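Q: Could you take me through this model, saying in each case what a term rests on before it is applied?

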Amino acid sequence: MKKYDVAAIGELLIDFTQNGTSSQGNPIFEANPGGAPCNVLAMLQKLGHQTAFIGKVGEDGFGHQLEQSLLETGISTTGLCFDKDIHTTLAIVQTKPDGDRDFSFYRKPGADIMLRPDEIKEELIKNSKIFHFGSLSLTDSPVREATIRAIELAENAGTWISFDPNLRKPLWDTEDHAKKQIRYGLKHCHILKISDDEILWLTGETDYDKAVASIQEEFSIPLLLLSLGKSGSRAYCGRQMAQMPPFLHDNTIETTGAGDTFMGCILHGVLQYGYKDLSQQTLENMLTFANAAASIITTRRGALRVMPEEKEIQECIKGTRT
């Protein structure tokens with residue numbers, strides 16, 4: 001028996017999200033705990049799983065705020081490190097008129113990229129059923145080498161590996177470098193979650209089925225999830241393909257964390273059913289559950305501390321079907 005269901009490596013940072021304006025007309029920003037890997041873990045914790053985070057924050061007020069957020073959420077901080085010299089990474093998240101988000105990162109350097117290979121706790125990865133990572137921990141050294149080390153440990157331990165590129169172009173020195181590192185992630189995962197924008201950017205193919213086929217021809221990923229925004233999502237597993245519509249809300253505030261919430265729910269399904277030879281019905285059920293959860297998080301500010309309960313997700317599904 002393994003101690004953790006999912007361990008994840010990557011960025012843990014403060015998302016400054018706009019929350020109204022001051023009396024002088026200036027935007028007011030709220031310091032929300034964030035970072036895609038921890039958002040995924042927070043969703044899994046809400047669904048009753050045991051999780052652990054691997055990463056680094058600054059030895060500063062924001063770093064300790066983030067540590068406390070993980071503890072309150074139930075995510076193990078066994079793999080959390082502190083940097084005495086480099087401050088916690090910050091992100092400014094602004095919402096565009098069309099509802100999409102614009103990210104500005106304060107990360108040159110930021111504490112998350114300072115995680116070293118020797119700071120990876122081998123036993124933590126060996127004691128996890130799934131190891132999850134994204135591409136932000138592949139942008140810079142030494143965290144890139146730390147991530148590669150963690151992936152090697154996971155492969156040697158027979159741990160399932162999941163990957164979400166979560167592309168943020170401003171954080172890469174060149175797009176060619178981004179593609180190289182993301183392709184490395186594709187080569188080493190069993191479960192892939194990728195967005196419509198990302199798969200177009202990576203393959204240049206506008207037909208999603210053809211884009212997925214080109215990825216599968218090269219990398220043979222057993223379970224691939226494709227998020228399509230307002231068009232829902234798809235799942236590809238072996239010869240099976242499923243597509244489910246989204247759950248749209250009139251009171252959507254922002255989409256920050258929606259993809260991470262979706263990913264957490266998918267991994268919840270993987271922990272129940274595995275990632276190979278899934279039936280179309282199973283894939284449809286997993287997508288429905290994940291789409292519903294993602295829709296709920298769009299009605300809340302932040303993500304990590306406000307993930308939906310399973311009961312809320314089921315009520316969302318039931319309410320739409322009746």
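A: A residue is called buried when its relative accessible area is under 20%, exposed when that area is over 50%, and partly exposed in between. The model discussed here is predicted, and the values below are computed from it.

Q: Why is Gly-264 called buried?
A: The relative accessibility of Gly-264 is 0%, and the limit for the term is under 20%, so Gly-264 counts as buried. Gly-264 has its place in helix α8, and, not counting residues up to four places away in sequence, it touches Val-40, Met-43 and Leu-44.

Q: What makes Thr-261 buried or exposed?
A: Thr-261 has a relative accessible area of 0%, and because buried means under 20%, Thr-261 is buried. Thr-261 is found in helix α8, which covers residues 258-273. With residues up to four places away in sequence left out, Thr-261 touches Met-43, Ala-293, Ala-294, Ile-297, Met-307 and Pro-308.

Q: Why is Phe-103 placed in its accessibility class, with a relative accessible area of 16%?
A: The value of 16% for Phe-103 is set against the limit of under 20%, and so Phe-103 is buried. Phe-103 lies in strand β7, which covers residues 101-106. Leaving aside neighbours within four places in sequence, Phe-103 is in contact with Ile-92, Val-93 and Arg-168. Between Phe-103 and Thr-21, which are 82 residues apart in sequence, the C-alpha to C-alpha distance is 19 Å.

Q: What makes a group of residues a nonpolar core, and how many residues has the largest one?
A: The members must be buried residues of the nonpolar kinds that count for a core, joined through side-chain atoms within 4.5 Å. The largest such core has 53 residues, and Leu-12, Leu-223 and Ile-313 have the most contacts inside it. Helix α9 gives the most to this core, with 10 residues. Apart from it lies another core, of 43 residues, among them Tyr-4, Tyr-184, Leu-186 and Leu-224. In soluble globular proteins, nonpolar side chains tend to be buried together.

Q: What does Leu-12 touch?
A: Not counting residues up to four places away in sequence, the residues that Leu-12 touches include Gly-34, Cys-38, Phe-53, Val-57, Leu-66, Leu-70, Leu-80 and Leu-304. Lys-56, Thr-88 and Asp-112 are also among them.

Q: How do you know that β12 and β13 are paired, and which way do they run?
A: Two strands pair if at least two bridges are found between them, and 5 bridges join β12 (residues 233-237) to β13 (residues 240-244), which run antiparallel. Tyr-236 stands opposite Met-241 in β13. The two strands form a hairpin with 2 residues between them, and Gly-238 in the turn has a positive phi of about 60 degrees.

Q: What makes a space a cavity, and how many cavities of 30 Å³ or more does the structure hold?
A: A cavity is a space where a 1.4 Å probe fits but cannot get out, and the structure holds 1 cavity of 30 Å³ or more. About 80 Å³ of space lies in the largest cavity. It is lined by 14 residues, of which Ala-36, Pro-37, Gly-134, Asp-164 and Asn-166 are the closest to its centre. Helix α1 gives the most to this lining, with 3 residues, and by class the lining has 5 nonpolar, 6 polar and 3 charged residues.

Q: Why is the second largest pocket not called a cavity?
A: A pocket is an open set of points, whereas from a cavity the probe cannot get out. The second largest pocket has a volume of about 200 Å³. Among its 13 lining residues, Tyr-273, Asn-285, Met-286, Phe-289 and Gln-314 lie nearest its centre. Helix α8 gives the most to this lining, with 5 residues.

Note on methods
Residues are numbered from 1 along each chain as its sequence is written. This is a predicted model: local features need pLDDT of at least 70, side-chain atom pairs count only at pLDDT 80 or more; totals for chains, interfaces and linings use all residues. Side-chain values use heavy atoms; hydrogens and water are left out. On a 1 Å grid over the protein atoms alone, a cavity is a set of points where a 1.4 Å probe fits but cannot get out, and a pocket is an open set with protein on both sides within 12 Å along at least five of seven lines; lining residues have an atom within 4 Å of a point. Grid points are joined across faces, edges and corners, and a volume is the space filled by probe spheres set on the points. Helices (H or I, at least four residues) and strands (E, at least two) are DSSP runs, numbered from the N terminus. Ala, Val, Leu, Ile, Met, Phe, Trp, Tyr, Cys and Pro count as nonpolar, Asp, Glu, Lys and Arg as charged, and the others, Gly among them, as polar. Buried means under 20% relative accessible area, exposed over 50%, partly exposed in between (1.4 Å probe, protein chains only). Contact means heavy atoms within 4.5 Å.
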